[in-house]
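Here is a friendly walk through a structure, told in questions and answers.

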Amino acid sequence: MFGLLCVLTRWISGLFEMSESLHRSLGLTDEEAEAIEKILNRPPNHLELAMYAVMWSEHCSYKSSRLHLRRLPTEAPWVLVGPGENAGVVDVGDGIAAAIRIESHNHPSAIEPYQGAATGVGGILRDIFTMGARPVAVMDSLRFGCPDDPRSRWIAEGVVSGISGYGNAVGVPTVGGETVFDETYAGNPLVNVLCLGLMPADRLVLGRASGEGNLAVLLGSSTGRDGIGGVSVLASASFGDEEREAEKRPSVQVGDPFEEKRLIEACLALLDAGLVVGIQDLGGAGLTCATSETASRGGVGMDVDVSAVPRREPGMEPFEVLTSESQERMLAIVSPDGLADALAICDRWDVQASVVGRVTDGGQLRVCEGLDGHVLGELPAASLHEDAPLYDRSRRPPVDWDEARADTADQLPPPGNVAADLLDLLADPSWVYRQYDHMLFCNTVVGPGGDATVLRLKHPATGLDTGRGLALTADGNHRWCAVDPRAGTAMTVAESVLNLACVGARPLALVNCLNFGNPEHPEIMWQFSEAVDGMAEACDAFGIPVVGGNVSLYNESNGYNIDPTPVIGLLGVIDSLTRIPPGLAWPDGGRVIVLGPGGTELSGSQWAAATAGHKRGVLPDLDYEQHRRVAGLVAGLVADDRLCAVHDISSGGLGVALAEMAAVSGVGFRGARINSHAELFSEAPSRVVAAVDPELLPEVEAAAAATGVAVARIGLASGDRFSIKGLLDLEMAAITDRWCSGTPVSTCQT
Amino acid sequence: MTAKVGVVVFPGSNCEHDVVEAVDAIGGTGELLWHKDCHLGDVDAVVLPGGFAHGDYLRTGAMARFSPIMAAVACFARDGGPVVGICNGFQILTEAQMLPGALYKNQGLRFLCQPTMLEVESTSSVLTRELVRGDQLNIPINHFEGNYICSDKTLAELRDNNRIVLTYMDNPNGATADIAGICSEGGNVVGLMPHPERAAHPLLGSTDGALLLKGLISGD
């Protein structure tokens with residue numbers, strides 16, 4: 001506590017020093033400070049400077065990435081709201097719209113894992129119910145350093161507990177995700193949280209203010225000093241030594257899931273009653289962001305009465321109130337006539353509500369002491385967004401790019417013991433998802449642990465079952481993207497498409513969370529640009545619109561940048577959900593086949609990284625036309641109930657896919673015609689493993705032939721051994737023991 | 001006439017709609033009741049659903065027992081009305097001393113959301129009256145504080161009076177005597193940690209929970 005006070009005092013006193021470098025201490029460059037002066041036609045005061053600093057931070061303004069994100073395809077007939085709003089919204093049929101968003105909370109989680117992850121969940125939920133949708137599912141994509149490093153273990157345990165503690169209590173199920181351990185994340189863990197919400201399609205609301213004289217009502221928690229400068233101090237700079245990281249701890253917010261739960265219910269009730277003109281959550285950059293965004297989107301101005309904001313502690317300065325990132329707050333725009341009813345709804349849910357502002361014409365954001373009182377700061381609301389800097393940062397491929405591409409993993413020495421290498425790649429993630437309520441709302445037909453989560457689709461207003469389903473995945477692969485950010489990102493999108501196919505779904509919309517290193521390094525900016533191009537190419541090829549995204553840069557500590565890690569969230573629909581999709585578990589006697597082309601390339605594979613630390617070479621070719629055929633075939637076979645188990649081939653290749661299916665079902669495998677470790681561990685795309693009832697095998701093979709997809713019979717699910725002729729022979733106990741131990745051994749060997 | 005089941009909503013409850021959906025699906029009528037109300041209306045049974053009433057701050061169920069509606073629930077129970085507490089509802093019933101014992105943190109000190117296999121120990125409760133002793137049910141749990149604990153004297157009383165309703169076949173949380181659910185002396189007040197409403201639709205992998213809820217609406 002003492003340390004916290006010291007840091008806070010230092011930070012605040014720093015702000016009041018009338019020094020040249022005030023803007024720098026707030027994270028603004030000299031050029032940016034000049035631009036602000038030009039906008040205002042005078043030097044900004046402290047409050048104004050603090051407001052620009054948070055809004056022009058990398059986290060809020062996307063100043064390094066905006067230029068590139070424009071290359072992503074964002075349109076389709078079913079897209080109701082594309083990127084740029086709080087969440088993307090798509091029409092999923094039956095009068096239902098789905099809101100989806102993904103966001104990173106990497107930097108806070110590195111410093112304070114429990115609260116960092118917890119407030120990550122809280123923030124993404126608010127983005128969803130801001131649109132008028134009830135949040136129905138959360139997914140998280142987590143990446144940590146090696147589990148044998150105590151600090152990484154502390155972070156992993158803290159993050160999982162934080163998601164569990166907040167997500168379960170707030171009453172939104174965590175239905176899936178991924179957990180990856182790799183030394184690349186030792187200094188910069190990644191915590192990406194995705195949320196899906198549903199609403200009647202006609203209730204869509206946007207975060208904009210309108211109507212001169214309407215009132216801005218602040219709902220929820222009081223405002224404290226937590227999270228001040230979170231976006232600029234924390235999220236938009238690299239990490240140095242541990243002591244300095246500890247000093248940043250006060251910039252991490254503290255979450256209260258009970259407050260959030262009441263806030264969700266109160267806001268949805270306000271929307272049901274038609275009492276709000278617009279609504280906006282308070283996240284990064286707090287009140288500054290919420291007031292200026294609603295005003296500038298609506299083409300209006302706003303007077304903000306800083307003295308009316310309920311505070312947690314005395315003595316807070318106006319700039320602290322305006323930039324605090326205290327959690328569980330929303331800003332609702334309400335007409336004066338509706339105010340009494342709105343306040344009554346808030347009272348029912350014990351949600352604090354205070355009028356803190358008034359919509360004005362003219363576009364100026366004025367911060368006052370009392371609504372008609374002394375003006376503390378005044379600036380054009382839109383200038384915080386539209387005039388934010390836009391950088392085309394220099395880019396170049398790594399100097400050893402050609403050399404790296406020539407160094408393929410196919411040249412690595414073959415394993416001495418194939419079985420041992422396979423065992424080292426296995427890990428059961430259930431220790432993570434058992435801690436999450438993944439069943440709430442009784443929609444979860446396929447929960448965590450499958451290729452994709454499957455949810456029943458019920459109408460959010462009537463509760464009526466539509467007989468259809470939604471499918472959802474969150475996936476990334478940093479090894480592929482380290483080898484080739486462009487092709488690796490395209491392969492990640494392709495894998496997500498195949499994940500959906502494995503549960504019988506077709507893709508509808510994509511969201512992305514782009515986690516990269518320091519954009520001021522040209523190699524990192526090149527990775528980013530390449531990844532965007534790879535994603536655009538794949539989305540175009542599959543006809544999937546990108547409806548939202550989040551960029552997390554500066555994932556650098558002590559000069560080390562993480563592997564490029566674009567995480568893809570993909571939403572799909574199942575047109576008829578009448579039975580539980582086959583899943584990974586195969587029955588004794590199932591004939592095991594591979595659908596899709598063969599593959600032997602090892603570059604980018606988990607095996608190459610795990611056994612030799614190898615992340616170079618050239619990724620296997622992705623043939624979009626072939627991939628579409630495979631995905632279509634698999635989705636059709638699943639829909640027609642022709643497969644008794646199915647699993648896509650990705651991390652760890654065919655070997656890990658087979659071992660996971662055996663481990664989950666407790667039934668062994670006798671295989672043949674897998675001729676080498678390269679065939680076993682290659683992560684070549686467009687392939688799935690399936691188990692088929694022997695009587696249905698000819699029919700399945702005929703269906704494959706009709707669509708031009710190769711089929712290979714590779715064995716039989718049976719017995720208590722896991723064996724592949726000429727390659728390995730293990731007792732099933734060895735597989736299940738290794739699987740149940742929870743974390744992979746060798747991805748983290750150095 | 002269909003049985004009307006009142007489902008109490010505390011701030012922080014989150015399973016109320018799931019219970020209503022499950023009750024409706026088996027032919028009953030679920031109706032939400034607000035925790036600040038003082039009357040139950042004309043309901044035939046009451047469910048205290050799962051969730052985190054009042055954030056579970058202080059202690060699970062510790063504040064919810066003081067909600068105005070709890071006096072009406074206690075009165076309804078005294079008159080023999082069926083009252084079922086699921087998960088957080090069970091915790092509230094123990095805090096309100098409508099059922100004996102308490103729910104501690106799980107033995108492994110972790111939240112657990114997973115399927116469990118249960119065995120019916122007693123059919124003298126409103127939930128199990130349609131079942132047979134020894135029936136095995138697949139119903140999931142979802143809790144951090146589900147480790148049932150009570151004094152030896154209470155345990156003996158529960159055993160002697162057939163008040164242990166459900167036990168875990170593979171105890172996940174360290175509960176005393178594998179207890180997953182207990183009932184009052186009259187069998188009309190039941191508390192259980194597993195969530196029957198989460199096992200009431202074929203697409204959710206089990207419909208065993210519906211068997212319990214059918215008992216609740218079958219009436220006498």
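Q: How many helices and strands does chain A have?
A: This is a predicted model. Chain A holds 27 helices and 28 strands.

Q: In chain A, what share of the contacts between residues at least 6 apart in sequence join residues at least 24 apart?
A: The share is 85%.

Q: How many residues of chain A are in contact with chain B, and how many of chain B with chain A?
A: On the chain A side there are 24 residues, and on the chain B side 25. Helix H9 (150-170) and helix H12 (257-272) of chain A are the elements that give two or more residues to the chain A side. H12(A) gives the most, with four residues. Sorted by class, that side has twelve nonpolar, six polar and six charged residues.

Q: How do you know that strands E1 and E2 of chain A pair?
A: Pairing needs at least two bridges, and E1 (residues 79-81) and E2 (residues 88-93) of chain A have two, in the antiparallel sense. In one of them, A:Val81 has A:Val89 in E2(A) as its partner. The hairpin of these strands has six residues between them, and A:Gly84 there takes a positive phi near 110 degrees.

Q: What joins E2(A) to strand E3 of chain A?
A: Five bridges do, and E2(A) and E3 (residues 96-104) run antiparallel. Here A:Val89 stands opposite A:Ala99 in E3(A). These two strands form a hairpin with two residues between them, and A:Asp94 in the turn has a positive phi of about 55 degrees.

Q: What makes E23 and E28 of chain A edge strands?
A: They belong to an open sheet of seven strands with mixed pairing, in the order E23-E25-E22-E26-E24-E27-E28 (chain A). Strand E23 (645-648) and strand E28 (728-731) each pair on one side only, and that makes them the edges. Neighbouring strands in this sheet are turned by 20 degrees against each other on average, direction ignored.

Q: Which strands of this sheet does helix H23 of chain A lie across?
A: Helix H23 (residues 624-639) lies across E22, E23 and strand E25 (688-692) of chain A, and runs at about 145 degrees to E22(A).

Q: Why is A:Val711 counted as partly exposed?
A: A buried residue needs 20 or more neighbours, while an exposed one has 12 or fewer. A:Val711 has 19 C-beta neighbours inside 10 Å, so it counts as partly exposed. This residue lies in strand E26 of chain A, where it is the bridge partner of A:Leu595. Beyond its neighbours within four places in sequence, A:Val711 is in contact with A:Ile593, A:Leu595, A:Glu701 and A:Ala704.

Q: Why are helices H24 and H27 of chain A called roughly perpendicular?
A: The axes of H24 (residues 653-665) and H27 (residues 732-740) of chain A come within 9 Å and cross at roughly 90 degrees. Angles of 65 to 115 degrees count as roughly perpendicular, so H24(A) is roughly perpendicular to H27(A). In this contact, A:Ala659, A:Ala662 and A:Ala663 of H24(A) meet A:Met732, A:Ile735, A:Thr736 and A:Trp739 of H27(A). The residues divide into six nonpolar, one polar and no charged.

How values were computed: Residues numbered from 1 in each chain as written. Chains lettered and ligands numbered in written order. Predicted model: local features only at pLDDT ≥ 70, side-chain atom pairs only at ≥ 80, totals over all residues. Axes fitted to C-alpha atoms, helices over the stretch in contact; angles between N-to-C directions. Parallel < 35°, antiparallel > 145°, perpendicular 65-115°, else oblique. Contact = placed C-beta atoms within 7 Å. Nonpolar A, V, L, I, M, F, W, Y, C, P; charged D, E, K, R; others polar.
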